[in-house]
Amino acid sequence: MTTSTRSEAAGNGAVEVRDLCVRFGERLVLDRLGFRAAPGEFVAITGPSGAGKSTLIWVLAGALAPTSGSVTYGGAPIGDRATAARAGIALIAQGNALSTPLTALENVVVPQLAAGVAARDARSRADEALAAVGLASARTQLVEELSGGQQQRVAVARALAAQPRVLLADEPTSDLDAETREAITALLAAHARAGGAVIMATHDAWCAEQADRELHLDAGALTTIR
Ligand SMILES: Nc1ncnc2c1ncn2[C@@H]1O[C@H](COP(=O)(O)OP(=O)(O)OP(=O)(O)O)[C@@H](O)[C@H]1O
C-alpha cells in the first residue's frame with residue numbers, strides 16, 4: 001500500500017477512550033481513563049511496572065473487555081480481538097506470540113492469508129516488512145532458531161505487514177540492542193507519519209521521547225506529560 005492509500009485507509013479513524021475502567025477483583029487497575037489518538041499520531045504510554053500499561057493495550061486491542069467505559073475507532077466500538085483485527089487494529093504483544101515451529105516468513109504471511117489477503121500480496125508484504133526490520137536473510141529460518149531480539153523483530157514485521165490503521169505495541173523494543181531498538185522505533189514513527197495511529201507502551205525513556213505525545217499511567221490514572 002502506498003503512503004497516500006494508507007493515509008486514506010486510516011480515514012478519520014481516531015482512537016477514542018472514554019471513562020475507561022478495568023477492575024481485577026477488588027483492584028481498580030485503570031480508573032476512568034480518557035484520551036484520543038488521531039491517525040498520524042505516535043503516542044507513548046509510560047509508567048512503572050504494574051501501572052496497567054499492558055492492560056490498557058489489551059483493552060485497546062479488543063482482547064480484554066473493560067469493566068466500564070468505552071473504546072471506539074472512528075466512532076465504532078472496538079468489538080472483540082478478531083473483529084478489531086479485521087478492522088485494521090494490529091497488536092505487537094509483549095513476548096511476541098509467534099508460532100515457533102514456523103519460519104519467520106510463515107509467521108508474517110499466515111495471518112495475512114487468514115485475513116483474506118491474496119497469497120502473492122501477502123508474500124510481497126511479508127518480504128518488505130521483514131526487510132524493513134533487517135531480517136531479509138533470516139526469513140526462512142524457524143522462529144525457534146532465532147534470538148529473542150530477532151523474534152521481536154519478526155513480531156514487528158508481522159504487525160507492519162498487516163498495514164494496520166491502528167498499531168498497538170506493548171514494549172516492542174524490549175530484548176533489543178540499541179541499534180535495533182532505534183530502527184524499530186523509527187519504523188513505528190514512520191507508520192504514524194504514513195497515516196496510522198500508533199500507541200506504544202514502553203519502559204524506555206528514549207523510545208517515549210521519539211513519540212509525538214507521552215501519556216503517563218500511574219496508580220490507575222493517566223497524566224499527559226506532553
Ligand atoms: N488477568 C489478571 N488478573 C488479575 N490481575 C491482573 C491481571 N492482569 C494484570 N493484573 C494486574 O494488573 C496490574 C497491571 O498489570 P499490567 O501488566 O497491565 O501492568 P504493566 O504496567 O504493563 O506492567 P509491566 O510494565 O511490568 O509489564 C498488575 O498489578 C497486575 O498484577
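**A walk through the predicted chain**

The chain folds into eight helices and 10 strands. Helices (H or I, at least four residues) and strands (E, at least two) are DSSP runs, numbered from the N terminus. This is a predicted model, in which local features need pLDDT of at least 70, side-chain atom pairs count only at pLDDT 80 or more, and totals for chains, interfaces and linings use all residues. Residues are numbered from 1 along each chain as its sequence is written.

Start with confidence. pLDDT is the predictor's confidence in each residue, from 0 to 100. The chain averages 91, and 95% of the residues score at least 70. Over residues 1-11, however, the pLDDT is below 50. That stretch has 16 contacts in the model beyond near neighbours in sequence. Two residues are in contact if their C-beta atoms, placed from the backbone, lie within 7 Å. Where pLDDT is low, the predicted coordinates should not be read in detail. The scores for the model are ipTM 0.96 and pTM 0.90.

Now the overall form. The C-alpha trace spans about 45 × 35 × 30 Å along its principal axes. The chain has a radius of gyration of 17 Å, which agrees with the value near 17 Å for a compact globule of 226 residues. This radius is taken over C-alpha atoms, and the globule rule is 2.2 Å times the number of residues to the power 0.38. Of the 226 residues, 43% count as buried. A residue is buried if 20 or more other C-beta atoms lie within 10 Å of its own, exposed if 12 or fewer, and partly exposed in between, with C-beta atoms placed from the backbone. Take the contacts between residues at least 6 apart in sequence: 69% of them join residues at least 24 apart.

The chain is divided in two. Domain 1 covers 3-88 + 165-224, and domain 2 covers 98-146 + 157-163. These bounds come from an automatic or database domain assignment. The centres of the two domains, taken over C-alpha atoms, are 23 Å apart. Eight residues of domain 1 are in contact with seven residues of domain 2. On the domain 1 side, helix α7 (residues 178-193) gives the most, with five residues. By class, that side has four nonpolar, two polar and two charged residues. Here Ala, Val, Leu, Ile, Met, Phe, Trp, Tyr, Cys and Pro count as nonpolar, Asp, Glu, Lys and Arg as charged, and the others, Gly among them, as polar.

Next, the ligand. The residues around it are F24, V29, G47, S49, G50, A51, G52, K53, S54, T55 and H203. A residue is near a molecule or strand if its C-beta atom, placed from the backbone, lies within 6 Å of it. The shell around the ligand has three nonpolar, seven polar and one charged residues. Helix α2 gives the most to this shell, with three residues.

Look at that helix. Seven of the eight residues of α2 (residues 53-60) are buried, so the helix is largely enclosed by the rest of the structure. The buried ones are K53, T55, L56, I57, W58, V59 and L60. After α2 comes G62, whose phi is positive, near 85°.

A51 sits in the loop between β3 (42-46) and α2. A51 counts as buried, because it has 21 C-beta neighbours inside 10 Å. Leaving aside neighbours within four places in sequence, A51 is in contact with L217 and D218. A51 and L222 are 171 residues apart along the chain, yet 9.9 Å separate their C-alpha atoms.

Two residues stand out by their backbone angles. Most residues other than glycine have a negative phi. D19 has a positive phi, near 50°. D19 is in strand β1 (residues 15-24) and counts as exposed, with 12 C-beta neighbours inside 10 Å. Q163 also has a positive phi, near 45°. Q163 lies in the loop between α6 (148-161) and β7 (166-170). Q163 is buried, with 20 other C-beta atoms within 10 Å.

Finish at R226, in the segment after β10 (221-224). R226 counts as exposed, because it has 11 C-beta neighbours inside 10 Å. Not counting residues up to four places away in sequence, R226 touches R213 and E214. R226 and A65 are 161 residues apart in sequence and 28 Å apart in space, C-alpha to C-alpha.
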